[in-house]
Amino acid sequence: QFQLQSVHTSPTELPGSSTITHYPSTAIKNSELIVTCNTEYLGSPPATKYRWYSNEIELTDETSKKIHIKNITAQVSNFTCAAVNEIGSGEPGHITLTVLAPPMFITRLPDTFPVSDKATSVSLTCQVECSPSCLVFWLKDGQILTSTNPLYQMRVEFAGPDYKTNVVGSVISTLFFNLTAWPDGHLRKEVDDASYSCMSSSNGINRGVTSSTKFHVEYPPENVVLSRKEMDITEWSILYNITCNADGSPEPSYEWSHNNKVLSSYKFLYTNYPLSRNDSGNYECVASNKYGSASSTVFINVMYEPTCEIVRIEDENYVVLTCRVIDTNPHDISYNWMVDNDSPTNMMNVNEEGNSLSFSKDRMDSNYGKFLCAVRNFVGESNCTLILMPIDQDKEPEHETVTDRSETEPERSEIEPEQSEIEPEQSEIEPEQSEIEPEQSGTEFEQSGTEPEISETEPEITETESEITETEPEISETEPEITESEPKISETTETEISETETEISETETEISKTKPEEIETEPEEIETEPEKSAEKSDRDKGSSALSSKKSK
């Protein structure tokens with residue numbers, strides 16, 4: 001590239017040889033450097049420019065005597081320069097630079113180093129660039145770890161220049177945790193939390209560097225603690241002021257739920273709606289992090305006032321009213337009875353618990369009225385009532401009437417077919433009916449006189465005169481059946497009618513004989529509904545017998 005030319009005394013000569021110097025005398029990575037091309041003889045005519053090469057590549061933009069390098073990189077390694085005049089270039093000068101690097105971290109330790117307490121392999125690594133080379137040490141809480149420590153192992157590697165990453169040279173050091181030699185064979189939370197440091201020595205260019213990390217043992221949530229394990233709250237109140245805390249690293253997240261419904265994603269349990277009695281139960285707080293979860297429950301006891309009903313029970317001698325609690329929370333209850341807005345009379349007995357009131361049937365007439373039972377617990381009070389009133393003597397209760405209908409229904413169904421058979425015959429004998437009706441009306445009047453005869457065959461009906469009197473309306477009820485049977489009567493001969501009149505007259509004689517005895521045995525009124533039903537059934541039987549006899 002350079003042609004050497006001999007020196008002549010002629011006025012034209014090539015520049016002389018060149019040498020290269022630099023300042024500062026040490027080339028340090030990332031620092032400034034001034035490189036100078038020194039030529040003793042500039043030639044004739046004198047050289048006015050210079051030709052520069054770096055790593056055998058011409059620096060076309062550099063033509064001055066000095067080159068100013070603002071930031072030395074790992075690739076800046078050698079330079080060549082020569083003075084140039086009109087004739088040509090002088091003899092070039094060469095220099096090879098050794099780029100030095102102070103200790104500098106290529107790979108630092110993280111600020112924090114979390115690791116699971118169940119980890120089976122743990123290590124820390126740092127990489128320090130330094131040229132000339134340096135030493136790397138490991139420290140725990142400021143104390144240097146030696147190679148004789150059984151809990152750790154250390155490994156060191158030296159790496160050469162890496163121009164792609166602009167690294168002059170580096171030291172890679174790794175600290176291994178020998179967990180098999182660790183107490184309990186694994187890391188322990190809090191106990192093994194420490195500060196670990198990677199520290200380099202000085203390499204003569206600059207002092208050493210240090211990188212530290214906070215080594216922290218992480219673990220799943222545990223020790224879930226609730227501010228309350230049980231809480232009483234009145235119905236229609238809002239639930240709040242229950243907190244959930246747990247140990248764990250990283251810090252757990254929280255979730256409250258009830259009956260598989262998520263209520264809150266915070267450590268505080270709060271409902272923005274009032275609770276009803278159906279909301280009683282266990283409320284669960286689950287604390288979670290990336291290693292697992294743990295939970296705890298609080299029992300929410302929703303309290304409400306009681307509800308009740310009065311149940312009536314009777315035996316042969318007493319009426320017992322029991323105040324039955326249908327639902328309540330809490331169950332500690334008091335009872336209070338009122339009869340027609342007043343306290344129970346002396347004829348009424350209230351049991352020791354207070355939930356039952358009884359009185360004798362002999363005094364039933366004086367114990368009618370409105371019975372009120374007030375039940376109270378911690379939350380409040382509610383009432384239930386029952387009204388006892390005498391049964392109308394002139395009109396039987398509706399439920400008894402329904403019962404009687406069910407008993408007589410078969411008899412009516414038996415009669416209906418006969419009615420349907422009789423209907424066609426009625427149209428044929430209407431003239432005869434009008435002739436017989438006066439005699440029938442007389443017969444109806446006399447039919448009541450046959451009651452003693454019926455009572456002789458049916459002892460239950462003949463016990464009292466009042467029963468016979470009560471039976472008469474029912475006999476009158478059977479008159480339509482007799483009337484419906486008129487076609488059959490019309491078919492009878494006059495001889496049969498006269499025989500019937502004879503029987504009726506004989507019956508009148510029997511009545512006149514039995515009347516005095518019936519008057520002497522006045523019946524006692526029996527008020528109980530079951531006996532009335534029995535009497536009514538017997539009367540129905542008597543009426544049926546009478547109807548049968550009339551048909552004959």
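## Charges over rings

K189 lies over the face of Y219, 4.7 Å from the ring centre. R277 is placed over the face of Y304, at 3.8 Å from the ring centre. A charge sits over a ring if NZ of Lys or CZ of Arg is within 6 Å of the ring centre and within 35 degrees of the ring normal.

This is a predicted model, in which local features need pLDDT of at least 70 and side-chain atom pairs count only at pLDDT 80 or more, while totals for chains, interfaces and linings use all residues. Residues are numbered from 1 along each chain as its sequence is written, and side-chain values use heavy atoms, with hydrogens and water left out.

## Nonpolar cores

The largest nonpolar core has 26 residues, and V122, W138, L175, F177, L187, Y196 and F215 have the most contacts inside it. At least two residues of this core come from each of strand 11 (123–131), strand 12 (136–140), strand 15 (170–177), strand 16 (194–200) and strand 17 (210–226). Strand 11 gives the most, with four residues. A second, separate core has 21 residues, including A47, I69, F79 and A101. A core is a set of buried Ala, Val, Leu, Ile, Met, Phe, Trp, Tyr and Cys residues joined through side-chain atoms within 4.5 Å; buried means under 20% relative accessible area, exposed over 50%, and partly exposed in between (1.4 Å probe, protein chains only). Strands (E, at least two residues) are DSSP runs numbered from the N terminus.

Leaving aside neighbours within four places in sequence, F215 is in contact (heavy atoms within 4.5 Å) with F113, V115, V122, F177, L187, D192, D193, A194 and Y196.

## Aromatic pairs

There are nine aromatic pairs. Rings of Phe, Tyr and Trp (its six-membered ring) pair if their centres lie within 6.5 Å; planes under 30 degrees apart count as stacked, over 60 as edge-to-face and the rest as tilted. Y152 and W182 form an edge-to-face pair, 5.6 Å centre to centre with 90° between the planes. Y152 lies in strand 14 (residues 152–159) and W182 in the loop between strand 15 and strand 16, so the pair ties together parts that are 30 residues apart in sequence. Y152 and W182 are both buried.

F177 and F215 are stacked, at 5.0 Å centre to centre and 10° between the planes. This pair links strand 15, which holds F177, to strand 17, which holds F215, 38 residues apart. F177 is buried at 7% relative accessibility, and F215 is buried at 1%. Ring pairs link F113, Y152, F177, W182, Y196 and F215 into a cluster.

## Salt bridges

The structure holds eleven salt bridges (a side-chain nitrogen of Lys or Arg within 4 Å of a carboxyl oxygen of Asp or Glu). One of them joins E129 and K29, at 2.7 Å from N to O. E129 lies in strand 11 and K29 in the loop between strand 2 (27–28) and strand 3 (33–39), so this bridge ties together parts that are 100 residues apart in sequence. Both E129 and K29 are buried.

K290 forms a salt bridge with E218, the closest N and O atoms being 3.6 Å apart. Here K290 is exposed, at 61% relative accessibility, whereas E218 is buried, at 7%. E309 and R324 also form a salt bridge, with 2.1 Å between the closest N and O atoms. E309 is partly exposed at 29%, and R324 is partly exposed at 41%. Salt bridges that share partners join E235, R277 and D327 into one network.
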